[in-house]
Amino acid sequence: MRQEKFDRSAGILMAISSLPSPYGIGTFGKAAYDFVDKLDKASQKYWQVLPLGPTGYGDSPYQSFSAFAGNPYFIDLDMLIEEQLIEKNFVDSFKWYMEEDQVDYGLLYQSRFEVLFEAYNNAKSLDDYRDTDEYKEFIKDNYFWLEDYALYTAIKKHFEYQSWQDWDDEYKFRKKEALEKIKIEYKEEIEFQKFIQFKFYQQWKKLKEYANDKGVEIIGDIPIYVALDSADVWQNPMEFQMDKKLEPKKVAGVPPDMFSETGQLWGNPLYDWDKMEKDDFSWWRKRMKYAAKFYDVIRIDHFIGMVKYYSIPAEDEDARGGKYVLGPGMKLINAINESIGDKKIIAEDLGVLMPEVEAVLEESGYPGMKILEFAFDGNRTNVNLPYNWDSNTVAYGGTHDNDTIMGWLSNQQYWELGYLREYVEARHESFEQLTDKLFKVAYESVANVVIFQTQDVLKVGNIGRMNLPSSMGTNWRWRMKPYDFSDDKVERLRYLCDIYGRTK
């Protein structure tokens with residue numbers, strides 16, 4: 001069945017981690033509700049978030065320990081205080097950040113779980129949450145992933161947080177006797193992990209319901225691939241291209257492009273699509289059905305990999321030796337559509353233009369993406385130029401992988417900047433004024449959906465860039481300060497929506 005087109009509308013891309021809070025990282029607390037109120041007043045129909053899974057080394061939400069679990073850092077501590085699960089004095093005894101506009105993941109790792117464990121202990125003793133119907137229902141609905149995820153985290157702790165591939169063979173290969181032993185030895189840790197997933201789910205559900213009541217829909221972002229060091233691969237190695245030693249044969253990435261001369265070697269294990277097709281894509285059906293409960297719209301990152309994926313020998317040191325292989329295409333798309341009900345899909349189809357991908361988008365009705373920051377290279381047939389868009393498009397100023405518009409403008413070649421200035425008729429204006437012009441160009445375009453990063457609404461420079469592909473150490477850190485999203489910025493967005501017919 002072909003997906004219906006999106007209504008003419010607009011949205012904001014804002015990571016949960018980037019929200020203000022006193023506790024070092026954005027959460028599902030008051031600032032999230034305030035952000036929804038601002039979106040409502042600004043006539044924004046969509047709030048797009050980055051993946052919500054727990055992160056590890058490198059802090060990337062696109063390399064999560066689970067395709068199903070939630071990031072415990074997003075659990076709001078003030079809400080736990082209101083529930084009398086922790087004391088405010090105890091929470092305030094920890095140092096949560098070094099800089100107000102940056103996430104310090106090292107500090108969070110050192111203290112957040114200690115606070116959450118205190119809440120867990122109190123939740124057992126005050127009024128045992130495990131006896132509630134809500135908790136029992138949560139366990140029942142999520143049993144298919146939660147038990148193994150909690151067990152995975154316990155064994156990971158046992159082996160001092162090494163990747164599951166470095167565990168002793170009896171745990172690596174999931175020997176029943178070893179797993180039963182660890183369940184007894186780490187019973188408390190396993191129950192704790194279930195508790196924090198329960199609180200994550202509780203708080204997210206409330207926030208999403210609040211947003212929906214305000215007419216704001218949530219766009220969730222799911223990576224096409226899962227991390228090698230994840231509960232998903234450890235639990236289901238047969239779903240991936242792995243050898244008998246549980247080592248990946250081929251891994252994911254992309255060929256050399258504008259971001260990297262040697263390509264990007266992501267290292268994610270590739271799916272065994274033939275095996276998945278034989279059981280009617282049951283793992284993907286579970287994943288998408290689960291995502292449809294969390295989000296109103298689902299953006300599939302690196303969608304092109306479902307149609308034609310880049311396969312790199314696992315032993316290679318970079319991505320240059322890879323090759324493209326055909327994926328399941330519409331067979332998988334049909335399974336996804338059957339799993340998500342009336343929810344919609346956005347296909348991240350950026351990168352190499354492929355006729356096979358274009359054909360699948362046409363048949364499925366999924367909108368592709370266009371990026372304004374890619375548009376002004378001087379090529380008049382550039383697909384990212386607004387006059388080359390069609391209505392079934394989700395247009396972005398830039399994504400989490402791009403610089404902010406202000407940062408991007410400051411790094412343009414003179415001839416690119418010259419073409420942009422001519423295009424928007426802003427020959428002598430400042431970069432702030434050019435940013436306003438780009439908003440206008442997108443909002444007045446034929447694209448049914450237009451989405452900008454919060455950083456671009458606030459006109460933040462490249463300090464606000466979320467991710468620089470093929471780099472580590474400074475990514476995923478930017479945070480909005482309280483009161484940055486001021487009334488005048490809200491009113492500007494509302495005005496653009498009104499003038500160009502992008503009302504909710």
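Biologist: How many aromatic pairs does the structure hold?

Modeller: It holds 62 aromatic pairs. Keep in mind that this is a predicted model.

Biologist: Take F6 and Y46. What makes the two rings a pair, and why is the pair called edge-to-face?

Modeller: Ring centres must lie within 6.5 Å to pair. The centres of F6 and Y46 are 6.1 Å apart, so the two rings pair. Planes over 60 degrees apart count as edge-to-face. Here the planes stand at 75°, so the pair is edge-to-face.

Biologist: Which parts of the chain does the pair link?

Modeller: Distant ones, 40 residues apart. F6 is in the segment before β1 (9-13). Y46 belongs to strand β2, residues 46-48.

Biologist: Are F6 and Y46 buried or exposed, and how do you know?

Modeller: Buried means under 20% relative accessible area. F6 has 6%, so F6 is buried. Y46 has 3%, so Y46 is buried too.

Biologist: Now S111. Where is it, and why is it called buried?

Modeller: S111 is in helix α4, which covers residues 105-126. Its relative accessibility is 5%, under the 20% cut-off, so S111 counts as buried.

Biologist: What does S111 contact, apart from its neighbours within four places in sequence?

Modeller: F94, K95 and W96.

Biologist: Which other residue has a positive phi near 65°?

Modeller: Q84, again a residue other than glycine.

Biologist: Where do D59 and Q84 lie?

Modeller: In loops. D59 is in the loop between β2 and α2 (77-82). Q84 is in the loop between α2 and α3 (88-92).

Biologist: Why is D59 called buried?

Modeller: D59 has 17% relative accessibility. That is under 20%, so D59 counts as buried.

Biologist: And what makes Q84 exposed?

Modeller: Exposed means over 50%. Q84 has 64%, so Q84 counts as exposed.

Biologist: Last topic: charges and rings. What lies over the face of Y97?

Modeller: R479, at 6.0 Å from the ring centre.

Biologist: Which ring does the charged end of R502 sit over?

Modeller: The ring of Y443. The charged end of R502 is 6.0 Å from the centre of that ring.

Note on methods
Residues numbered from 1 in each chain as written. Predicted model: local features only at pLDDT ≥ 70, side-chain atom pairs only at ≥ 80, totals over all residues. Heavy atoms only, no water. Phe/Tyr/Trp six-rings, centres within 6.5 Å; stacked < 30°, edge-to-face > 60°. Helix = DSSP H or I, 4+ residues; strand = E, 2+ residues; numbered from the N terminus. Buried < 20%, exposed > 50% of the residue type's maximum accessible area, 1.4 Å probe, protein only. Lys NZ or Arg CZ within 6 Å of the ring centre and 35° of its normal. Contact = heavy atoms within 4.5 Å.
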